[in-house]
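Biologist: Please take a close look at one part of this model for me. I would like the confidence first and the contacts after that.

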Amino acid sequence: MASVQKTGQRRHVVGAHYGVRDFLIQRVTAVILIVYTVILGVMALLTPSFTYENWVGLFNFRWGTFPMGQILATLAVLAVAYHGWIGVRDIWMDYIKPAGLRLFLQALTILWAVGSAVYAAQILWSL
Amino acid sequence: MSETTARPESRPRREFRNVTVPEILFAYRLPLAGKLSILHRVSGALLFLALPLFLLPLFGQSVSSPAGFEEFSRYASHPITKVVLLVLIWAYLHHFCAGIRYLLFDLHIGADVKISDKRTLHTRTAAISFSVSLVLTVIFGLKLFGAF
């Protein structure tokens with residue numbers, strides 16, 4: 001039986017770190033986002049009126065001095081970024097066959113995800 | 001022996017090979033669970049794209065200051081903004097409901113269903129997911145456009 005050559009000059013580029021680890025992270029981040037959606041949804045329903053103070057309060061409420069609202073929102077943002085990276089990467093892996101183009105799009109996706117997370121964190125922590 | 005092989009073929013099944021985009025869109029009829037699946041992908045990509053381009057700028061505006069919140073309210077009352085928001089609300093709700101369906105399948109819920117009933121299971125759960133997300137989209141849409 002011919003062995004599959006995994007090293008050498010014609011190694012197939014597919015993009016590393018996919019498999020069971022990312023499969024799990026995609027699902028764990030999904031559950032985090034379901035929980036955060038429910039928390040935010042319940043808090044929004046309990047809010048009497050849609051004013052500036054009530055709206056901001058959904059994201060910067062504190063437990064004592066602990067910035068619970070910002071921490072929860074930041075965790076949700078990180079979950080979105082990681083979840084989105086895995087999902088979009090799967091799209092490139094399914095439809096984009098040329099390795100160079102795929103790697104370029106994957107790199108772009110990482111920048112997009114990290115950039116979004118930093119952008120969101122900057123908004124949240126200036127509240 | 002399965003039912004499919006036992007049943008006499010009344011007409012030849014259509015074959016799809018090397019499918020092109022028009023065939024995917026117009027000729028090949030996906031089962032309901034397949035439509036749910038591709039829309040899960042489309043809605044996810046849409047949300048990922050919209051996050052830093054539309055959602056975060058709008059969110060940042062809304063929480064910046066009381067004056068910024070007023071300006072956000074003006075933007076948000078524009079019909080074009082409302083339509084974009086409604087599309088993204090649909091995308092979120094579809095992705096959310098279809099995603100829960102996949103998580104339940106990952107927990108092997110429904111895995112013990114007989115192989116001949118799988119198709120019904122997949123179609124029915126897809127129908128539930130579509131129903132919930134579309135009804136909620138309509139409710140949010142009515143709220144957004146000021147029906148109540």
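What is the mean pLDDT of chain A, and what share of its residues reach 70 or more? Then go through the side of chain A that touches chain B.

Modeller: This is a predicted model. Chain A has a mean pLDDT of 90, with 86% of its residues at 70 or more. Among the elements of chain A, the lowest mean pLDDT, 95, belongs to helix 1 of chain A, and the highest, 97, to helix 4 of chain A. Where pLDDT is low, the predicted coordinates should not be read in detail.

As for the side you ask about, 19 residues of chain A are in contact with 18 residues of chain B. On the chain A side, two or more residues come from each of helix 1 (20–46), helix 2 (52–60), helix 3 (68–95) and helix 4 (99–124) of chain A. Helix 4 of chain A gives the most, with 6 residues. By class, this side of chain A has 13 nonpolar, 5 polar and 1 charged residues.

Within chain B, one helix pair can be described. The axes of helix 3 (residues 32–64) and helix 4 (residues 66–76) of chain B come within 5 Å and cross at roughly 135°. An angle over 145 would count as roughly antiparallel, so helix 3 of chain B and helix 4 of chain B are oblique to each other. Helix 3 of chain B makes this contact through Leu58(B), Gln61(B), Ser62(B) and Ser64(B), and helix 4 of chain B through Gly68(B), Phe69(B), Glu71(B), Phe72(B) and Tyr75(B). The contact of these two helices of chain B has 4 nonpolar, 4 polar and 1 charged residues.

Technical notes:
Residues are numbered from 1 along each chain as its sequence is written. Chains are lettered from A and ligands numbered from 1 in the order in which they are written. This is a predicted model: local features need pLDDT of at least 70, side-chain atom pairs count only at pLDDT 80 or more; totals for chains, interfaces and linings use all residues. Axes are lines fitted to C-alpha atoms, for helices over the stretch in contact, and angles run from 0 to 180 degrees between N-to-C directions. Helices (H or I, at least four residues) and strands (E, at least two) are DSSP runs, numbered from the N terminus. Angles under 35 degrees count as roughly parallel, over 145 as roughly antiparallel, 65 to 115 as roughly perpendicular and the rest as oblique. Two residues are in contact if their C-beta atoms, placed from the backbone, lie within 7 Å. Ala, Val, Leu, Ile, Met, Phe, Trp, Tyr, Cys and Pro count as nonpolar, Asp, Glu, Lys and Arg as charged, and the others, Gly among them, as polar. pLDDT is the predictor's confidence in each residue, from 0 to 100.
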